[in-house]
Amino acid sequence: MKNLILLFLTSILFLLTACASDEGEVDLPALKEPIANPATDVTDLSFTAGWNFVSTAKSYLLDVSLQSDFSSFISGYESLEVTGLRAEVTGLTPATQYYFRVKAVRESAESDFSNVVMVTTTGTLIDTDVFLKDKAANNFFVGAAVSTNRLSGKYNELLTTEFNSITAESEMKMRTIFLGPGNYNWTAPDALVNYATENNLNIHGHALVWHVEVPDWMTTFTGTDEEFEQIIEDYIKAVVTRYAGKITSWDVVNEAINDGGGIRNSIFLEKMGSDYIAKCFQWAREADPDALLFYNDYNTPEDLTKQNDVYAMIDELQSNNIPIDGIGLQMHISIDNPTRQQIQVDVDKAIERNLIVHFSELDIRVNPDGRQIVNSLTEERDFAQRLKYKEVVDLYNSIPDSFKYAITVWGIRDPESWIIDQYNRPDWPLLFDDSFDRKSAHIGFLEGLE
């Protein structure tokens, strides 16, 4: 018996040695493809994908798509490595059909794909035929940035059906209006105010003081600092007084804090001192006691040093009884950043200070830094943008009503967005395409209002 056992063990050892590769590893059988099971725990926004165990597999790669041929993938779910036999798929849309598949992996070896499983999230698809302003009802304004050459035809149709507020993209800035001391060009701002009045649209004034849009004559001003300050006071009061009762709110000072923190070294700081912001707000209040006065800035959700300095500046204004009603949080963001939590922190700080919140310049890039540049709006990027619009609008919609003012989208059609020239790459950051047709981003905005 002992001889038989010894012979058996010797035979096994011989077989293992014979099957070993040159590197000394044992050849393992080819990986079988997994069998994907019907989805479980299906909700409006998620489901759990599952599959059977494959012998000798070390992990599994999960794909999730809106297309049965997997021509594009849901963000974060292309070859997602999973070590177990289940994975929760999140960030989805209600009443929407998805597909998933999986393959087994062992070191460099991969199996064939499993069967494809279709799953439809629960819930009800929203009515996509509704207009944005109607969906928001009387909760807050839904606005768009405009210019005087984009107020007719299809522009007029969209502005008067989808929106109930407008903001001048450039034509109410100092460089356009202020020709010299006591000399003003009212042509463009008058046209915008008249258009808003005729079409029963709210109008938000943007912006009284901004270091970028300073007229050339002002940069070569040779008078005293006191004379310069008087010129700025006269300008603010002239503009705000002219439109008192017509323009309901103003960005009084725009982008006065540097990226990375600290007050920006502008001509206003140099000639008027560190309290120039307080002076501008005071003059605006004197010119129109009923207008809402905002401070407006960008990138505060991600740049915490800048964010802290913005609110420190506001704290100082409030402690000195300087009139400030709200903050404009520019939402020039991307499909990747900032996170919802980062935006929420910014919003919470504003509410703690009893400030009205304006998401003042919303556009969402699909070709951000750090991603491969695409030359057309792919289904994957399009869907990611839809989810980001939904996220941003849902967050704003959750703000207590007394702190809401407006969400203003920074433009109408993709090809006219400032983003394209700014980043020197193609992009599609807005709600309407070059044919004035609604994009899925528009659906995302509506979903955020649910």
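**View 1. Phe436, a buried residue in the loop between α13 and α14.** With a relative accessibility of 18%, Phe436 counts as buried, a class that means under 20% relative accessible area, as against exposed at over 50% and partly exposed in between, computed with a 1.4 Å probe on protein chains only. The structure is a predicted model, in which local features need pLDDT of at least 70 and side-chain atom pairs count only at pLDDT 80 or more, while totals for chains, interfaces and linings use all residues. Residues are numbered from 1 along each chain as its sequence is written, and side-chain values use heavy atoms, with hydrogens and water left out.

View 2. The buried residues are Ser440, Ala441, His442, Gly444, Phe445, Leu446, Glu447 and Gly448.

**View 3. The buried face of helix α3.** In α3 (residues 153–162), the buried residues are Tyr155, Leu158, Leu159 and Glu162. Viewed down the helix axis, they fall within an arc of 100° and therefore line one face of α3, the arc being that of the directions from the axis to the C-beta atoms. Such spacing can be read against helix geometry: an α-helix has 3.6 residues a turn, so residues three or four places apart point the same way. The cover over the buried residues of α3 includes α2 (132–136), β9 (141–146), β10 (165–168), α5 (187–198) and α14 (440–448). Gly153, also part of α3, counts as exposed, with 54% relative accessibility; its C-alpha lies 40 Å from that of Gly76, a residue 77 places away in sequence.

**View 4. Thr167 in strand β10.** Thr167 has a relative accessible area of 1%, and is therefore buried. Beyond its neighbours within four places in sequence, Thr167 is in contact with Ala144, Ala145, Val146, His204, His206, Thr408 and Trp410. One of these partners, His206, is joined to Ala207 by a cis peptide bond, with omega near -10°, and Ala207 belongs to strand β13 (residues 202–210).

**View 5. An aromatic cluster that includes Phe178 and Tyr184.** Phe178, Tyr184, Trp186, Trp217, Tyr235 and Tyr243 together form one cluster. Rings of Phe, Tyr and Trp (its six-membered ring) pair if their centres lie within 6.5 Å, and planes under 30 degrees apart count as stacked, over 60 as edge-to-face and the rest as tilted; by this rule the count comes to 18 aromatic pairs. Phe178 and Tyr184 make a stacked pair, with 5.4 Å between ring centres and 10° between the planes, and both residues are buried. Ala238, in helix α7 (residues 225–242), touches Tyr184 and Trp186, residues up to four places away in sequence being left out.

**View 6. The packing of helices α10 and α11.** Helix α10 (residues 304–319) and helix α11 (residues 340–352) pack at about 10°, with 11 Å between their axes, which are lines fitted to C-alpha atoms over the stretch in contact, with angles running from 0 to 180 degrees between N-to-C directions. The two helices are therefore roughly parallel, a label for angles under 35 degrees, whereas over 145 counts as roughly antiparallel, 65 to 115 as roughly perpendicular and the rest as oblique. Gln307, Asn308 and Tyr311 of α10 meet Val345, Asp346, Lys349 and Ala350 of α11. In the loop between β17 (332–334) and α11 lies Pro338, whose peptide bond from Asn337 is cis, with omega near -5°.

Methods
Helices (H or I, at least four residues) and strands (E, at least two) are DSSP runs, numbered from the N terminus. Contact means heavy atoms within 4.5 Å.
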